[in-house]
Structures are given as structure tokens and as C-alpha cells.
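Here is a short briefing on a single chain. Look over the sequence and the model first, then read the points below.

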Amino acid sequence: MIDFEEELKHFEPIKEVEEAEDAIHHTDLTDLTDILREMVEEDHKNK
């Protein structure tokens with residue numbers, strides 16, 4: 001049987017993954033929700 005608690009003690013995150021996570025979290029990403037919100041606001045201004 002695998003002892004998950006014991007295995008987690010040996011876990012070390014990959015440095016590239018940590019760097020990628022930091023880059024993603026510190027980047028202002030526009031998603032579909034942002035685009036739709038801007039479109040709705042623009043539509044309301046034009047009416």
C-alpha cells in the first residue's frame with residue numbers, strides 16, 4: 001500500500017513549474033469574460 005503522507009514528504013516541485021506559475025499569476029490576462037464585459041459596456045454607451 002502507498003503511504004501518500006510519506007510520499008508527499010519527498011515531493012519537490014519542479015523549478016520550471018514554479019516559474020511558470022509565477023509568470024501566469026503576475027500577468028494580466030484577458031479572457032472571454034473580460035471581452036464580453038467590454039462589448040456590453042460599449043453597447044450600452046452607444047445606445
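The chain exposes about 5,100 Å², and carbon and sulfur atoms supply 56% of that area. Accessible areas come from the Shrake-Rupley method with a 1.4 Å probe; for residues, only the protein chains shown count as cover. This is a predicted model: local features need pLDDT of at least 70, side-chain atom pairs count only at pLDDT 80 or more, and totals for chains, interfaces and linings use all residues. Residues are numbered from 1 along each chain as its sequence is written, and side-chain values use heavy atoms, with hydrogens and water left out.

**Fold and extent**
- The chain has 3 helices and 0 strands, in the order α-α-α. Helices (H or I, at least four residues) and strands (E, at least two) are DSSP runs, numbered from the N terminus.
- The C-alpha atoms fill a box of roughly 65 × 25 × 10 Å along the principal axes.
- Lys15 and Glu41 are 26 residues apart along the chain, and their C-alpha atoms are separated by 41 Å.
- Buried residues make up 0% of the 47 residues. Buried means under 20% relative accessible area, exposed over 50%, and partly exposed in between (1.4 Å probe, protein chains only).

**Salt bridges**
- The whole structure holds 3 salt bridges; the term means a side-chain nitrogen of Lys or Arg within 4 Å of a carboxyl oxygen of Asp or Glu.
- Glu6 and Lys9 pair at 3.6 Å, N to O. They sit 3 residues apart in helix α1 (residues 4–9), so about one helical turn separates them. Glu6 is partly exposed at 34%, and Lys9 is exposed at 63%.
- Asp34 and Arg37 pair with their closest N and O atoms 3.2 Å apart. They too are 3 residues apart, in helix α3, about one helical turn.
- Lys47 bridges to Asp43 at 3.6 Å between the closest N and O atoms. Lys47 is exposed at 76% relative accessibility, whereas Asp43 is partly exposed at 39%.

**Charge and surface patches**
- There are 5 positive and 17 negative side chains, and the centres of the two sets lie 10 Å apart. Lys and Arg count as positive, Asp and Glu as negative; His and the chain ends are not counted. Charges are placed at NZ of Lys, CZ of Arg, CG of Asp or CD of Glu.
- Glu16, Glu18, Glu19, Glu21 and Asp22 gather in a negative surface patch. Asp22 lies in helix α2 (residues 15–25).
- Leu32, Ile35, Leu36 and Met39 form a nonpolar surface patch with about 410 Å² of accessible area together. Leu36, in helix α3 (residues 32–46), is partly exposed at 44%.
- Patches take residues with over 30% relative accessible area and no salt bridge; like charges are joined within 9 Å, nonpolar side chains (Val, Leu, Ile, Met, Phe, Trp, Tyr) within 5 Å.
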